[in-house]
Amino acid sequence: MTALAGKIALVTGANVGIGKETAKALAAAGARTLIACRDAAKGAAAVEDIKRASGNPEVELVSADFASFARTRAFGDEVRARVDRLDVLVNNAGLMLTSRQLTVDGHETMFQTNHLGYFLTTHLLLPLLRAAGRARIVNVASTAHRGQALDLDDLDSARRFSPLGTYGRSKLCNIYFTYELAGRLKGESITANCLHPGVVGTDFGQKERGIFRALVRLAHPFMMSPAAGAATQVHLAMSPEVDGVTGQYFDKKRPVKSSRESYDVATRERLWRESERLTGVASFGDGA
Ligand SMILES: NC(=O)c1ccc[n+]([C@@H]2O[C@H](COP(=O)([O-])OP(=O)(O)OC[C@H]3O[C@@H](n4cnc5c(N)ncnc54)[C@H](OP(=O)(O)O)[C@@H]3O)[C@@H](O)[C@H]2O)c1
């Protein structure tokens, strides 16, 4: 299959799990595929695996740590130095933590990695997506957003932290971000969609100690494989069926309604302004 021959794709968090399977599928479809990973050794091993599995030698590693604004910006510079356009961006890197931990920038780690990471990455790479003529942005969210409401005065969960609550709110941010982004990109040939990949047996939550890790591990045999879990984001990244479709939340390759909360336009606009302020973005999409 060479549906993406001549195209350039970038997948974040692609050294394992759903991201790695996504990168394999895009590379197998012929795309020059960049994977953004924080660990050089794991990333280098993944590049070899993805090359082997896809039969495509054009797979490259870019170093990125989305829990650091400086490292995210350095990653943006590196990508812009390597390619002159980008056809597909899959914001996938994410994590779940069972305790409240702060990043080097002083933010709660899930909020910064899972939401501000997507926001800043997209901002930095938008000039490349525009240069492609037609491009797709795919934001990996989660059904865990359901039942959550955002407290814009406590985005870092200083007053209210819980592993599932704080994680779920970071995934609600992914949906707000996608809907607002799609609106702002109206009139351009760039689509932005988000999705729930399914409940997938990956490394997700496995770096945490205690009962959570044990429970997830016990459930692994009943979860989808990472390859099956990648299906919806691969569909959004390359299927002609979703050509021109934008501003939607997908599950099992179908557009579905996200939570009622996620359609609150005032909250999503405030989150956007807050995200600009926190990431130091003066004019979204200019890449600076
Ligand atoms: N698994 C599920 O059931 C499920 C369900 C709904 C949504 N999701 C979403 O799917 C996406 C992928 O998750 P997964 O299940 O494939 O989990 P995973 O196997 O743990 O993979 C997560 C990836 O994100 C990377 N990552 C985490 N923090 C990072 C950082 N600060 N900088 C750069 N990379 C970072 C990880 O790198 P390291 O290997 O270095 O940690 C890894 O490559 C996430 O956005 C998650 O929220 C998963």
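The structure is a predicted model, where local features need pLDDT of at least 70, side-chain atom pairs count only at pLDDT 80 or more, and totals for chains, interfaces and linings use all residues. Residues are numbered from 1 along each chain as its sequence is written.

**View 1. The shell around the ligand.** Here 28 residues surround the ligand, and Gly13, Gly17, Gly94, Thr202 and Asp203 are the closest. A residue counts as near if its C-beta atom, placed from the backbone, lies within 6 Å of the molecule. By type, the shell splits into 13 nonpolar, 10 polar and 5 charged residues. For that tally, Ala, Val, Leu, Ile, Met, Phe, Trp, Tyr, Cys and Pro are nonpolar, Asp, Glu, Lys and Arg are charged, and the others, Gly among them, are polar. Helix H1 (residues 17-28) gives the largest share of the shell, 3 residues. Helices (H or I, at least four residues) and strands (E, at least two) are DSSP runs, numbered from the N terminus.

View 2. Buried means 20 or more other C-beta atoms within 10 Å of the residue's own, exposed means 12 or fewer, and partly exposed is in between, with C-beta atoms placed from the backbone. In a regular strand the side chains alternate between the two faces of the sheet. S4 runs parallel to strand S1 (residues 8-12), joined by 3 bridges, with Ala9 partnered by Val88. S4 also pairs in the parallel sense with strand S5 (residues 135-140), over 4 bridges, and Leu89 stands opposite Ile137. Pairing requires at least two DSSP bridges between the strands.

**View 3. Helix H2 and its two sides.** Helix H2 (residues 40-54) has 15 residues and spans 21 Å from first C-alpha to last, close to the 21 Å expected at 1.5 Å a residue. That expected span is 1.5 Å times one less than the number of residues. Ala46, Val47, Ile50 and Ser54 are its buried residues. Seen down the axis of H2, they fall within an arc of 110°, so they line one face of the helix. The arc is taken from the directions from the helix axis to the C-beta atoms. Turned away from the buried side are the exposed residues Ala41, Ala44, Glu48 and Arg52.

**View 4. The loop at Ser239.** Ser239 sits in the loop between helix H8 (231-238) and strand S7 (249-251). Ser239 is partly exposed because 13 other C-beta atoms lie within 10 Å. The C-alpha atoms of Ser239 and Leu4 are separated by 10.0 Å, though these residues are 235 residues apart along the chain.
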